[in-house]
Amino acid sequence: MTEFSRRTFMMSAAALSALAASGKVAFAELPKLAKKDKYKVGFAQTESNNPWRIAQTNSMKEHAEKNGYQLVYTDAASSAAKQVADVNSMIAQGVDLIFLAPREEKPLIPAVMAAKKAGIPVILLDRNVDPSLAKPGEDYVTFIGSDFIQEGQRVAEWLAKNANGKSKIIELEGTTGSSPANDRKKGFDDAINKAGGFTILASQTGDFARDKGRQVAEALLQAHPDADIVYAHNDEMAIGAISAIEAAGKVAGKDIIVLSIDGGKEAVGLCAEGKIAAVVECNPRFGPKAFETMARYAKGETIEPWVKNVDKFYDATNAKAELADAY
Ligand code: GZL
């Protein structure tokens, strides 16, 4: 370290400690939530382009109403930049707490930090932020959601036991940079490679969307006519892939095994029909646990860093019987 930079470092360290001692600059602690009867709560949603997102939003609106809270709801229309702006507008409106489903792991960090700086607690729902950039219990209260790595692993473990000789995989990834896409890929790929005997021919994002999933599946099936397994990170892309499989003159469930995650009614119905082989649930009904966690935090409880959702599993053995309970 040069003499100049050493002196600069010493000066800034001294200045910072003086400021901290003055109480003027708190090294922002995790904001608390005062106990009140009525709250103004923000919910920053990523988009409303699929049944999963709509089910999550409905659950949050229903439970905000049940609690008698004012809900400030925003829809980022599939734009992380807009979601950051949405959070900043909630901060400007002086909400008491923000529920945030960060569309992608990194771009939403500034929003999380801005809320913390403004003294507004954030609870992450459904999707997470990059853990190297923001921490539960320090920068936000907690993450409420599923174990996406485990979801991918469960699909791979089912496939390893039930492939019956099929082995050539096309993978349809979720939204690039989102925690479910990153972790469902990691969980599945690591487990299927460990099982041995399978090849992932291609892996490409369909952005969790039905038509994009169909288009990508169409292109990859043409490029890889020997593919006999499709692993989709969500139901929408799995259903899109079934259209592509049928357009290619093949039979889903016979020529090609289709695997999915989410467990919505349509996919579980297709599982009961045999077109989808297995679905790991990722339940979107966050309302009850979101507002229960908020109430615990308002009472002064220390919340665990991850409030983990438990996911069901559907295949031919239970899809018909459990269809009524699917979201
Ligand atoms: C998962 C959630 C994902 C769903 C998709 O928690 O973020 O986003 O799996 C949805 O269907 O688009």
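In the predicted model, L100 touches A44, Q83, V87, L108, V112, V122, I123, L124 and L125 (contact meaning heavy atoms within 4.5 Å), with residues up to four places away in sequence not counted. L100 is also one of the residues that touch the most other members of the largest nonpolar core, together with I98, F99, L125, L159, L259 and M294. This core has 67 residues; a nonpolar core is a set of buried Ala, Val, Leu, Ile, Met, Phe, Trp, Tyr and Cys residues joined through side-chain atoms within 4.5 Å, where buried means under 20% relative accessible area with a 1.4 Å probe, protein chains only. Because domain 1 (32-144 + 284-309) and domain 2 (148-282) both contribute residues, the core lies between them; the domain bounds come from an automatic or database assignment. Another core, of 30 residues, lies apart from it and includes I170, F208, A217 and I239.

An open sheet is formed by six strands in the order β2-β1-β3-β4-β5-β11, with parallel pairing. Strands are DSSP runs (E, at least two residues), and helices are runs of H or I of at least four, numbered from the N terminus; two strands pair if DSSP finds at least two bridges between them. At the edges, β2 (70-75) and β11 (306-308) each pair on one side only. Three bridges join β5 (residues 142-145) to β11, and G145 has K308 as its bridge partner in β11. Helix α3 (residues 80-92) lies across β1 (40-45), β2 and β3 (97-100), running at about 175° to β1; axes are lines fitted to C-alpha atoms, for helices over the stretch in contact, with angles from 0 to 180 degrees between N-to-C directions.

Residues are numbered from 1 along each chain as its sequence is written, and side-chain values use heavy atoms, without hydrogens and water. As the model is predicted, local features need pLDDT of at least 70 and side-chain atom pairs count only at pLDDT 80 or more, whereas totals for chains, interfaces and linings use all residues.

Terms used: Buried < 20%, exposed > 50% of the residue type's maximum accessible area, 1.4 Å probe, protein only.
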